Amino acid sequence: MTDSNVFRATTTAPVNIAVIKYWGKRDATLNLPTNSSLSVTLSQRSLRTVTTASCSPNYPATEGDTLTLNGKPENIQASKRTLACLSSLRALRKELESADPSLPKLSSYPLRVVSENNFPTAAGLASSAAGFAALVRAIADLYELPQSPTELSRIARQGSGSACRSLQGGYVAWRAGVKEDGSDSLAEEIAPASHWPEMRALILVVSAEKKDVPSTTGMQTTVSTSPLFATRAEHIVPRRMTGMEEAITKRDFAAFADLTMRDSNNFHAVCLDSEPPIFYLNDVSRAAIRLVNDINRLAGKTVAAYTFDAGPNAVIYYLDEVSELVGGTFKTILGGELEGWEGPFGDRLKGVS
Ligand code: 2P0
């Protein structure tokens with residue numbers, strides 16, 4: 001607490017990029033996925049969200065809770081997902097206050113949340129993942145909640161599915177769960193970043209524009225119209241989750257890369273199989289795929305893997321030993337086609353300081 005009776009907590013949350021993709025909800029209100037997914041948490045040196053949550057008995061009750069995103073006020077009341085996160089976090093704080101009446105009644109004060117991304121919002125760079133993870137972590141810290149990151153992932157999931165994977169570092173699995181109330185749909189760290197410290201990610205910003213089809217809408221279209229989708233969710237992904245966990249445990253890059261590329265391709269295949277079809281990749285994305293294939297062919301083994309989310313931007317995974325080869329090739333061949341990148345040589349996204 002400060003002199004002015006304002007309680008405050010600041011935190012950061014990283015971006016995560018899935019190597020086994022989440023695509024499809026079995027419950028759109030609770031944000032329950034049709035299949036499990038697995039992601040790699042990127043270093044916070046490159047992409048992150050910084051969020052400050054504060055509350056005070058002096059904040060006017062008439063203003064209610066407020067959220068400022070990248071300097072602009074957001075309408076919290078219009079975002080059911082944000083309201084769901086705030087109400088779950090308040091309920092946990094109320095439990096603490098009921099158990100210990102000497103605690104300040106933070107749950108009754110208006111909240112102010114201020115959040116900044118250091119990368120383009122909604123450009124398929126998982127901004128909602130880092131955003132909701134940071135919001136949940138900041139308020140949980142402000143309220144001094146004892147819940148573990150896995151327990152908090154249940155709340156972040158209601159903000160944005162992929163956000164549940166950004167509360168932990170390293171390699172994170174989001175278990176789809178089977179319960180209707182979503183209580184077993186949780187993220188858990190399967191290995192810390194230190195388990196495989198040679199892992200690197202190159203981010204190619206093909207376009208920093210907002211994506212054409214938002215993820216939530218795209219997923220619903222795929223679930224309700226794609227005949228291929230059931231095969232993906234029921235057969236392909238469960239096998240790949242097992243294979244990917246094994247590849248990570250054994251630090252088997254070739255197996256990790258093969259599954260990563262196949263799953264990205266399969267996710268974009270079910271997008272194309274939707275009605276109307278959903279196109280996220282463009283010509284530059286396809287050039288990046290060809291370049292990774294060329295690099296692997298010339299290296300005589302799999303040293304790089306591409307993956308694409310709901311947009312044209314590529315993330316390339318590789319190990320530190322081939323940084324020069326992968327970074328140098330992409331910079332030379334595709335550098336001119338890109339709006340920016342976060343590269344292995346300390347290059348930055350355009351417009352990022
Ligand atoms: C993923 N994506 O696993 C997949 C791959 C995009 C493609 O999670 O509706 O923004 O908020 O739960 O989390 C993007 O979906 O969707 C996403 P909602 P979210 O990273």
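In which sense do strand E7 and E8 pair, and over how many bridges? Strand E7 (residues 66-69) and E8 pair in the antiparallel sense, over three bridges. Two strands count as paired if DSSP finds at least two bridges between them. Helices (H or I, at least four residues) and strands (E, at least two) are DSSP runs, numbered from the N terminus.

This is a predicted model, in which local features need pLDDT of at least 70, side-chain atom pairs count only at pLDDT 80 or more, and totals for chains, interfaces and linings use all residues. Residues are numbered from 1 along each chain as its sequence is written.

E7 and E8 belong to an open sheet of five strands. The order is E1-E6-E9-E7-E8, and the pairing is mixed. Strand E1 (7-14) and strand E8 (72-74) are the edge strands, and each pairs on one side only. From one strand to the next, the twist averages 20 degrees. Axes here are lines fitted to C-alpha atoms, for helices over the stretch in contact, and angles run from 0 to 180 degrees between N-to-C directions.

Now step back to the whole protein. It is divided into domain 1 (7-194) and domain 2 (199-342). The bounds come from an automatic or database domain assignment. The domain centres, taken over C-alpha atoms, are 25 Å apart. Across the boundary, 25 residues of domain 1 are in contact with 32 residues of domain 2. Contact means that the C-beta atoms of two residues, placed from the backbone, lie within 7 Å.

Look at the side of domain 1 that touches domain 2. The elements that give two or more residues to this side are strand E2 (16-20), strand E5 (37-41), strand E10 (171-175) and strand E11 (186-191). E2 gives the most, with three residues. By class, this side of domain 1 has 17 nonpolar, six polar and two charged residues. Ala, Val, Leu, Ile, Met, Phe, Trp, Tyr, Cys and Pro count as nonpolar, Asp, Glu, Lys and Arg as charged, and the others, Gly among them, as polar.

The shell has 15 residues, and the closest are Ala18, Tyr22, Ser160, Gly161 and Ser162. Helix H2 (127-142) and helix H4 (215-225) are the elements that give two or more residues to the shell. A residue is near a molecule or strand if its C-beta atom, placed from the backbone, lies within 6 Å of it. The shell divides into five nonpolar, eight polar and two charged residues.

Next comes burial. A residue is buried if 20 or more other C-beta atoms lie within 10 Å of its own, exposed if 12 or fewer, and partly exposed in between, with C-beta atoms placed from the backbone. Helix H3 (residues 149-159) has nine of its eleven residues buried, so H3 is largely enclosed by the rest of the structure. Among the buried residues of H3 are Pro149, Arg154, Ile155 and Arg157.

Ile155 leads on to Leu89. Leaving aside neighbours within four places in sequence, Leu89 is in contact with Val136, Ile139, Ala140, Tyr143 and Ile155. Leu89 sits in helix H1 (residues 80-99). It counts as buried because it has 24 C-beta neighbours inside 10 Å. Leu89 and Ala140 are 51 residues apart along the chain, yet their C-alpha atoms are separated by 6.7 Å.

With 25 C-beta neighbours inside 10 Å, Arg240 counts as buried. Its C-alpha atom is separated by 7.3 Å from that of Ile20, 220 residues away along the chain. Beyond neighbours within four places in sequence, Arg240 is in contact with Ile20, Leu259 and Asp263.

Finally, check the backbone. Most residues other than glycine have a negative phi, and most peptide bonds are trans. Asn31 has a positive phi of about 60 degrees. This residue is in the loop between strand E3 (25-27) and strand E4 (32-33). Asn31 counts as buried, with 24 C-beta neighbours inside 10 Å. Glu144 also has a positive phi, near 50 degrees. Glu144 is in the loop between H2 and H3. It is exposed, with 12 other C-beta atoms within 10 Å. The peptide bond from Glu275 to Pro276 is cis, with omega near 0 degrees. Pro276 lies in the loop between helix H6 (253-272) and helix H7 (283-299).
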